[in-house]
Amino acid sequence: MNPYILATLLFGLGLGTTITFASSHWLLAWMGLEMNTLAIIPLMAQHHHPRAVEATTKYFLTQATAAAMLLFASTTNAWLTGQWDIQLMSHPLPITMITLALALKIGLAPVHAWLPEVLQGLDLTTGLVLSTWQKLAPFALLLQIQPTNSAILIILGLLSTIIGGWGGLNQTQLRKILAYSSIAHLGWMILILQFSPSLTMLALLTYFIMTFSTFLVFKLNNATNVNSLATSWAKAPTLTALTPLILLSLGGLPPLTGFMPKWLILQELTKQDLAPTATLAALTALLSLYFYLRLSYAMTLTLFPNNLPGTTPWRFTSPQLTLPLAISTTATLSLLPLTPAAIILLTP
(Lines give C-alpha, C1' and ligand atoms only; values in the text may rest on other atoms or scores of the structure.)
Protein backbone atom coordinates (compact mmCIF):
# COMPACT_ATOMS: atom_id res chain seq x y z
CA MET A 1 0.00 0.00 0.00
CA ASN A 2 1.14 3.53 -0.80
CA PRO A 3 2.71 5.10 2.35
CA TYR A 4 0.64 8.29 1.95
CA ILE A 5 -2.61 6.33 1.73
CA LEU A 6 -1.54 4.21 4.71
CA ALA A 7 -0.73 7.33 6.74
CA THR A 8 -4.11 8.86 5.83
CA LEU A 9 -5.98 5.71 6.85
CA LEU A 10 -4.11 5.45 10.15
CA PHE A 11 -4.78 9.13 10.80
CA GLY A 12 -8.49 8.54 10.13
CA LEU A 13 -8.42 5.56 12.48
CA GLY A 14 -6.88 7.62 15.27
CA LEU A 15 -9.12 10.62 14.60
CA GLY A 16 -12.31 8.55 14.68
CA THR A 17 -11.39 7.07 18.05
CA THR A 18 -10.36 10.49 19.42
CA ILE A 19 -13.65 12.08 18.31
CA THR A 20 -15.60 9.34 20.10
CA PHE A 21 -13.45 9.80 23.22
CA ALA A 22 -13.96 13.56 23.27
CA SER A 23 -17.65 13.75 22.34
CA SER A 24 -20.50 14.33 24.74
CA HIS A 25 -23.18 14.29 21.99
CA TRP A 26 -24.45 11.02 20.54
CA LEU A 27 -24.23 12.20 16.91
CA LEU A 28 -20.54 13.09 17.32
CA ALA A 29 -19.84 9.73 19.00
CA TRP A 30 -21.63 7.94 16.15
CA MET A 31 -19.62 9.93 13.59
CA GLY A 32 -16.35 8.92 15.32
CA LEU A 33 -17.33 5.25 15.23
CA GLU A 34 -18.21 5.52 11.52
CA MET A 35 -14.87 7.17 10.72
CA ASN A 36 -13.15 4.38 12.61
CA THR A 37 -14.95 1.70 10.60
CA LEU A 38 -14.40 3.37 7.23
CA ALA A 39 -10.67 3.89 7.93
CA ILE A 40 -9.96 0.25 8.78
CA ILE A 41 -11.89 -1.29 5.85
CA PRO A 42 -9.20 -0.55 3.19
CA LEU A 43 -6.56 -1.86 5.60
CA MET A 44 -8.50 -5.11 5.95
CA ALA A 45 -8.97 -5.57 2.19
CA GLN A 46 -5.50 -4.41 1.09
CA HIS A 47 -4.26 -7.90 0.10
CA HIS A 48 -7.18 -8.44 -2.33
CA HIS A 49 -7.45 -12.06 -1.25
CA PRO A 50 -10.98 -13.56 -1.46
CA ARG A 51 -10.88 -14.41 2.27
CA ALA A 52 -9.80 -10.85 3.13
CA VAL A 53 -12.56 -9.32 0.98
CA GLU A 54 -15.11 -11.68 2.56
CA ALA A 55 -13.93 -10.76 6.06
CA THR A 56 -14.06 -7.05 5.20
CA THR A 57 -17.62 -7.37 3.89
CA LYS A 58 -18.74 -9.22 7.03
CA TYR A 59 -17.08 -6.63 9.23
CA PHE A 60 -18.63 -3.72 7.33
CA LEU A 61 -22.15 -5.16 7.50
CA THR A 62 -21.84 -5.94 11.20
CA GLN A 63 -20.46 -2.51 12.10
CA ALA A 64 -23.06 -0.77 9.94
CA THR A 65 -25.83 -2.69 11.72
CA ALA A 66 -24.41 -1.76 15.14
CA ALA A 67 -24.01 1.89 14.12
CA ALA A 68 -27.60 2.06 12.82
CA MET A 69 -28.80 0.49 16.07
CA LEU A 70 -26.79 3.04 18.07
CA LEU A 71 -28.19 5.96 16.08
CA PHE A 72 -31.74 4.63 16.46
CA ALA A 73 -31.26 4.19 20.22
CA SER A 74 -29.82 7.68 20.69
CA THR A 75 -32.68 9.18 18.64
CA THR A 76 -35.15 7.22 20.80
CA ASN A 77 -33.43 8.59 23.90
CA ALA A 78 -33.74 12.17 22.56
CA TRP A 79 -37.43 11.53 21.80
CA LEU A 80 -38.15 10.10 25.26
CA THR A 81 -36.01 12.41 27.42
CA GLY A 82 -35.12 15.41 25.24
CA GLN A 83 -31.40 14.77 25.82
CA TRP A 84 -28.59 14.06 23.34
CA ASP A 85 -25.92 14.04 26.03
CA ILE A 86 -24.08 10.73 26.47
CA GLN A 87 -23.67 11.06 30.22
CA LEU A 88 -27.32 11.97 30.88
CA MET A 89 -28.87 8.67 29.80
CA SER A 90 -31.78 7.91 32.11
CA HIS A 91 -34.40 5.86 30.24
CA PRO A 92 -33.81 2.07 30.43
CA LEU A 93 -34.98 1.31 26.85
CA PRO A 94 -32.33 3.33 24.93
CA ILE A 95 -29.65 2.33 27.47
CA THR A 96 -30.39 -1.36 26.80
CA MET A 97 -30.40 -0.85 23.03
CA ILE A 98 -27.12 1.07 23.10
CA THR A 99 -25.51 -1.58 25.32
CA LEU A 100 -26.49 -4.30 22.83
CA ALA A 101 -25.29 -2.18 19.87
CA LEU A 102 -21.89 -1.65 21.52
CA ALA A 103 -21.76 -5.37 22.39
CA LEU A 104 -22.22 -6.11 18.67
CA LYS A 105 -19.46 -3.62 17.82
CA ILE A 106 -16.86 -5.25 20.08
CA GLY A 107 -18.04 -8.85 19.59
CA LEU A 108 -19.58 -9.89 22.90
CA ALA A 109 -21.61 -13.10 23.04
CA PRO A 110 -24.33 -13.82 21.93
CA VAL A 111 -23.62 -11.33 19.07
CA HIS A 112 -20.06 -12.58 18.64
CA ALA A 113 -20.32 -14.86 15.59
CA TRP A 114 -18.74 -12.37 13.19
CA LEU A 115 -15.48 -11.91 15.12
CA PRO A 116 -13.74 -15.32 14.58
CA GLU A 117 -14.72 -15.34 10.89
CA VAL A 118 -13.50 -11.79 10.29
CA LEU A 119 -10.23 -12.26 12.18
CA GLN A 120 -9.53 -15.49 10.28
CA GLY A 121 -9.62 -13.65 6.95
CA LEU A 122 -7.11 -10.95 7.97
CA ASP A 123 -3.35 -10.85 8.23
CA LEU A 124 -1.88 -10.76 11.74
CA THR A 125 -1.06 -7.02 11.74
CA THR A 126 -4.59 -5.90 10.82
CA GLY A 127 -5.95 -8.57 13.17
CA LEU A 128 -3.95 -6.99 15.99
CA VAL A 129 -5.47 -3.56 15.23
CA LEU A 130 -8.95 -5.10 15.15
CA SER A 131 -8.40 -6.91 18.47
CA THR A 132 -7.00 -3.90 20.34
CA TRP A 133 -7.49 -0.40 18.92
CA GLN A 134 -11.00 -1.04 17.59
CA LYS A 135 -12.23 -1.91 21.10
CA LEU A 136 -11.30 1.48 22.56
CA ALA A 137 -14.10 3.71 21.23
CA PRO A 138 -17.04 1.36 22.09
CA PHE A 139 -15.54 0.82 25.58
CA ALA A 140 -15.29 4.59 26.07
CA LEU A 141 -19.03 4.87 25.35
CA LEU A 142 -19.86 1.93 27.64
CA LEU A 143 -17.91 3.55 30.46
CA GLN A 144 -19.70 6.86 29.91
CA ILE A 145 -23.28 5.60 29.83
CA GLN A 146 -22.76 3.37 32.93
CA PRO A 147 -25.52 0.86 32.02
CA THR A 148 -28.02 0.55 34.86
CA ASN A 149 -29.43 -2.84 33.89
CA SER A 150 -27.04 -5.10 35.79
CA ALA A 151 -28.75 -8.33 34.67
CA ILE A 152 -27.97 -7.67 30.98
CA LEU A 153 -24.30 -6.95 31.69
CA ILE A 154 -23.88 -10.05 33.86
CA ILE A 155 -25.61 -12.24 31.24
CA LEU A 156 -23.46 -10.76 28.44
CA GLY A 157 -20.30 -11.21 30.52
CA LEU A 158 -20.97 -14.81 31.57
CA LEU A 159 -22.09 -15.84 28.07
CA SER A 160 -18.93 -14.31 26.62
CA THR A 161 -16.61 -16.08 29.08
CA ILE A 162 -18.37 -19.42 28.46
CA ILE A 163 -18.56 -19.13 24.65
CA GLY A 164 -15.06 -17.63 24.44
CA GLY A 165 -13.68 -20.66 26.27
CA TRP A 166 -15.90 -23.27 24.65
CA GLY A 167 -15.52 -22.00 21.09
CA GLY A 168 -11.72 -22.10 21.15
CA LEU A 169 -11.46 -25.72 22.27
CA ASN A 170 -11.76 -27.34 18.85
CA GLN A 171 -9.91 -24.75 16.75
CA THR A 172 -6.70 -25.31 14.83
CA GLN A 173 -6.41 -21.79 13.35
CA LEU A 174 -4.50 -19.38 15.58
CA ARG A 175 -6.47 -16.30 14.54
CA LYS A 176 -9.77 -17.98 15.47
CA ILE A 177 -8.28 -19.03 18.82
CA LEU A 178 -7.23 -15.41 19.44
CA ALA A 179 -10.75 -14.25 18.49
CA TYR A 180 -12.35 -16.58 21.06
CA SER A 181 -9.72 -15.47 23.57
CA SER A 182 -10.79 -11.87 22.89
CA ILE A 183 -14.46 -12.76 23.47
CA ALA A 184 -13.62 -14.41 26.81
CA HIS A 185 -11.52 -11.49 28.03
CA LEU A 186 -14.19 -8.97 27.01
CA GLY A 187 -16.67 -11.01 29.05
CA TRP A 188 -14.56 -10.51 32.19
CA MET A 189 -14.42 -6.76 31.54
CA ILE A 190 -18.19 -6.47 31.04
CA LEU A 191 -18.87 -8.47 34.22
CA ILE A 192 -17.17 -5.86 36.39
CA LEU A 193 -18.08 -2.74 34.38
CA GLN A 194 -21.01 -1.61 36.55
CA PHE A 195 -19.21 -2.17 39.86
CA SER A 196 -15.72 -0.86 39.12
CA PRO A 197 -15.15 0.94 35.78
CA SER A 198 -11.50 1.56 36.68
CA LEU A 199 -11.00 -2.19 37.08
CA THR A 200 -12.48 -2.67 33.61
CA MET A 201 -9.88 -0.25 32.26
CA LEU A 202 -7.10 -2.15 34.05
CA ALA A 203 -8.33 -5.45 32.56
CA LEU A 204 -8.53 -3.84 29.09
CA LEU A 205 -4.99 -2.46 29.33
CA THR A 206 -3.61 -5.80 30.53
CA TYR A 207 -5.45 -7.61 27.72
CA PHE A 208 -3.95 -5.21 25.17
CA ILE A 209 -0.40 -5.87 26.41
CA MET A 210 -0.83 -9.66 26.39
CA THR A 211 -2.57 -9.75 23.00
CA PHE A 212 0.10 -7.48 21.50
CA SER A 213 2.80 -9.94 22.63
CA THR A 214 0.89 -12.96 21.31
CA PHE A 215 0.22 -11.46 17.87
CA LEU A 216 3.85 -10.35 17.52
CA VAL A 217 5.09 -13.85 18.43
CA PHE A 218 2.87 -15.45 15.79
CA LYS A 219 3.90 -12.77 13.27
CA LEU A 220 7.61 -13.37 13.96
CA ASN A 221 7.11 -17.12 13.40
CA ASN A 222 4.83 -16.53 10.42
CA ALA A 223 2.40 -18.97 12.05
CA THR A 224 -1.32 -19.14 11.26
CA ASN A 225 -2.25 -22.62 12.55
CA VAL A 226 -1.32 -24.85 15.46
CA ASN A 227 0.89 -27.18 13.39
CA SER A 228 3.07 -24.34 12.12
CA LEU A 229 3.98 -23.48 15.72
CA ALA A 230 6.03 -26.67 15.85
CA THR A 231 8.67 -25.10 13.58
CA SER A 232 9.32 -22.15 15.89
CA TRP A 233 12.02 -23.84 18.00
CA ALA A 234 14.59 -23.76 15.19
CA LYS A 235 13.80 -20.11 14.36
CA ALA A 236 13.89 -18.46 17.81
CA PRO A 237 14.67 -20.83 20.72
CA THR A 238 14.56 -18.14 23.43
CA LEU A 239 11.24 -16.77 22.22
CA THR A 240 9.83 -20.29 21.95
CA ALA A 241 10.74 -20.86 25.60
CA LEU A 242 8.99 -17.61 26.63
CA THR A 243 5.87 -18.03 24.49
CA PRO A 244 4.15 -20.62 26.76
CA LEU A 245 4.50 -18.10 29.58
CA ILE A 246 2.83 -15.43 27.40
CA LEU A 247 -0.02 -17.86 26.62
CA LEU A 248 -0.41 -18.85 30.28
CA SER A 249 -0.48 -15.16 31.19
CA LEU A 250 -3.40 -14.79 28.74
CA GLY A 251 -5.01 -17.72 30.56
CA GLY A 252 -4.62 -15.87 33.88
CA LEU A 253 -2.18 -18.08 35.81
CA PRO A 254 -0.09 -16.66 38.68
CA PRO A 255 2.61 -15.38 38.99
CA LEU A 256 2.10 -13.78 35.55
CA THR A 257 0.52 -10.42 34.70
CA GLY A 258 -2.74 -11.93 33.38
CA PHE A 259 -3.60 -13.16 36.87
CA MET A 260 -3.92 -9.59 38.21
CA PRO A 261 -7.20 -8.47 36.53
CA LYS A 262 -8.91 -11.83 37.07
CA TRP A 263 -7.91 -11.87 40.72
CA LEU A 264 -9.19 -8.32 41.32
CA ILE A 265 -12.39 -8.94 39.33
CA LEU A 266 -13.21 -12.10 41.32
CA GLN A 267 -12.51 -10.18 44.54
CA GLU A 268 -14.81 -7.33 43.53
CA LEU A 269 -17.61 -9.70 42.44
CA THR A 270 -17.39 -11.44 45.82
CA LYS A 271 -17.61 -8.06 47.59
CA GLN A 272 -20.80 -7.35 45.63
CA ASP A 273 -22.39 -10.60 46.96
CA LEU A 274 -22.10 -12.26 43.55
CA ALA A 275 -20.16 -15.33 44.67
CA PRO A 276 -22.01 -17.72 42.25
CA THR A 277 -21.20 -15.40 39.32
CA ALA A 278 -17.56 -15.22 40.41
CA THR A 279 -17.41 -19.03 40.73
CA LEU A 280 -18.88 -19.57 37.27
CA ALA A 281 -16.50 -17.01 35.74
CA ALA A 282 -13.52 -18.72 37.41
CA LEU A 283 -14.65 -22.11 36.07
CA THR A 284 -15.00 -20.76 32.52
CA ALA A 285 -11.38 -19.54 32.74
CA LEU A 286 -10.39 -23.24 32.80
CA LEU A 287 -11.88 -23.68 29.31
CA SER A 288 -9.66 -20.91 27.95
CA LEU A 289 -6.68 -22.30 29.83
CA TYR A 290 -7.06 -25.63 28.01
CA PHE A 291 -6.49 -24.23 24.52
CA TYR A 292 -3.62 -22.03 25.73
CA LEU A 293 -2.00 -25.18 27.12
CA ARG A 294 -2.64 -26.89 23.78
CA LEU A 295 -0.77 -24.12 21.97
CA SER A 296 2.07 -24.31 24.50
CA TYR A 297 2.32 -28.07 23.95
CA ALA A 298 2.40 -27.68 20.16
CA MET A 299 5.10 -25.04 20.42
CA THR A 300 7.51 -26.51 22.95
CA LEU A 301 6.90 -30.25 23.20
CA THR A 302 6.56 -31.13 19.52
CA LEU A 303 9.60 -31.82 17.36
CA PHE A 304 9.69 -29.34 14.51
CA PRO A 305 9.98 -31.53 11.36
CA ASN A 306 7.33 -34.09 12.26
CA ASN A 307 4.33 -32.61 10.47
CA LEU A 308 5.74 -30.58 7.61
CA PRO A 309 5.22 -32.19 4.20
CA GLY A 310 7.19 -29.70 2.12
CA THR A 311 9.75 -26.93 2.40
CA THR A 312 11.58 -25.83 5.53
CA PRO A 313 10.14 -22.50 6.68
CA TRP A 314 12.34 -22.43 9.81
CA ARG A 315 15.32 -21.42 7.68
CA PHE A 316 13.87 -18.00 6.89
CA THR A 317 14.27 -15.16 9.38
CA SER A 318 11.59 -12.53 9.90
CA PRO A 319 12.40 -8.86 9.22
CA GLN A 320 10.11 -7.83 12.08
CA LEU A 321 11.47 -5.48 14.78
CA THR A 322 11.97 -7.34 18.03
CA LEU A 323 12.13 -4.36 20.45
CA PRO A 324 8.31 -3.93 20.72
CA LEU A 325 8.02 -7.68 21.29
CA ALA A 326 10.70 -7.60 24.00
CA ILE A 327 8.97 -4.72 25.83
CA SER A 328 5.48 -6.23 25.62
CA THR A 329 6.73 -9.70 26.62
CA THR A 330 8.40 -8.27 29.72
CA ALA A 331 5.17 -6.47 30.63
CA THR A 332 3.11 -9.61 29.95
CA LEU A 333 5.23 -11.73 32.28
CA SER A 334 6.30 -9.51 35.15
CA LEU A 335 3.74 -6.85 36.13
CA LEU A 336 2.01 -8.88 38.85
CA PRO A 337 4.18 -7.40 41.68
CA LEU A 338 2.69 -4.00 40.78
CA THR A 339 -0.78 -5.15 41.89
CA PRO A 340 -0.70 -3.12 45.17
CA ALA A 341 0.10 0.02 43.15
CA ALA A 342 -2.78 -0.81 40.76
CA ILE A 343 -5.17 -1.26 43.72
CA ILE A 344 -4.15 2.14 45.16
CA LEU A 345 -4.71 3.80 41.78
CA LEU A 346 -8.11 2.10 41.43
CA THR A 347 -9.29 3.12 44.88
CA PRO A 348 -11.36 6.33 44.62
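# A first look at a helical model

Over residues 92-115 the chain is 71% helix and 0% strand, with 28 Å between the end C-alpha atoms. Helices here (H or I, at least four residues) and strands (E, at least two) are DSSP runs, numbered from the N terminus. This is a predicted model in which local features need pLDDT of at least 70 and side-chain atom pairs count only at pLDDT 80 or more, while totals for chains, interfaces and linings use all residues. Residues are numbered from 1 along each chain as its sequence is written, and side-chain values use heavy atoms, with hydrogens and water left out.

**What the UniProt record says**

- The unreviewed UniProt entry gives "transmembrane region" at residues 60-80, 92-115, 151-170, 177-195, 201-221, 233-254, 274-293 and 323-346.
- UniProt positions are given in the numbering used here, feature names are shortened, and annotations may be inferred rather than shown by experiment.
- One of these spans, residues 151-170, is 85% helix and 0% strand in the model, and its end C-alpha atoms lie 30 Å apart.
- Over residues 23-286 the model is 74% helix and 0% strand, and 39 Å separates the end C-alpha atoms.

**Helices α2 and α3**

- Two packed helices are described by the angle between their axes and the distance between the axes.
- Helix α2 (residues 26-44) and helix α3 (residues 50-81) have axes that come within 10 Å and cross at roughly 175°.
- That makes α2 roughly antiparallel to α3, a label for angles over 145 degrees; under 35 counts as roughly parallel, 65 to 115 as roughly perpendicular and the rest as oblique.
- Axes are lines fitted to C-alpha atoms, for helices over the stretch in contact, and angles run from 0 to 180 degrees between N-to-C directions.
- In the contact (heavy atoms within 4.5 Å), α2 residues including Trp26, Trp30, Leu33 and Thr37 meet α3 residues including Tyr59, Phe60, Gln63 and Leu70.
- The residues of this contact divide into 15 nonpolar, four polar and one charged.
- For these classes, Ala, Val, Leu, Ile, Met, Phe, Trp, Tyr, Cys and Pro count as nonpolar, Asp, Glu, Lys and Arg as charged, and the others, Gly among them, as polar.

**Cavities**

- A search of the whole structure finds three cavities of 30 Å³ or more.
- A cavity is a set of points, on a 1 Å grid over the protein atoms alone, where a 1.4 Å probe fits but cannot get out; lining residues have an atom within 4 Å of a point.
- Grid points are joined across faces, edges and corners, and a volume is the space filled by probe spheres set on the points.
- The largest cavity holds about 90 Å³ of space, and its lining includes Leu33, Thr37, Tyr59, Gln63, Lys105 and Trp114.
- Helices α2, α3 and α4 (92-106) each give two or more residues to that lining, and α2 gives the most, with three.
- By class, the lining of the largest cavity has six nonpolar, four polar and two charged residues.
- The second largest cavity holds about 70 Å³, and residues lining it include His185, Trp188, Tyr207, Met210 and Lys262.
- Helix α10 gives the most to the lining of the second largest cavity, with four residues.
- The lining of the second largest cavity divides into seven nonpolar, three polar and one charged.

**Backbone details to look for**

- Most residues other than glycine have a negative phi, and most peptide bonds are trans.
- His48, in the loop between α2 and α3, is not a glycine but has a positive phi of about 55°.
- A cis peptide bond with omega about 5° joins Ala109 and Pro110, and Pro110 sits in the loop between α4 and α5 (114-120).
- The peptide bond from Pro254 to Pro255 is also cis, with omega near 5°; Pro255 is in the loop between α12 (237-251) and α13.

Notes
On a 1 Å grid over the protein atoms alone, a cavity is a set of points where a 1.4 Å probe fits but cannot get out, and a pocket is an open set with protein on both sides within 12 Å along at least five of seven lines; lining residues have an atom within 4 Å of a point.
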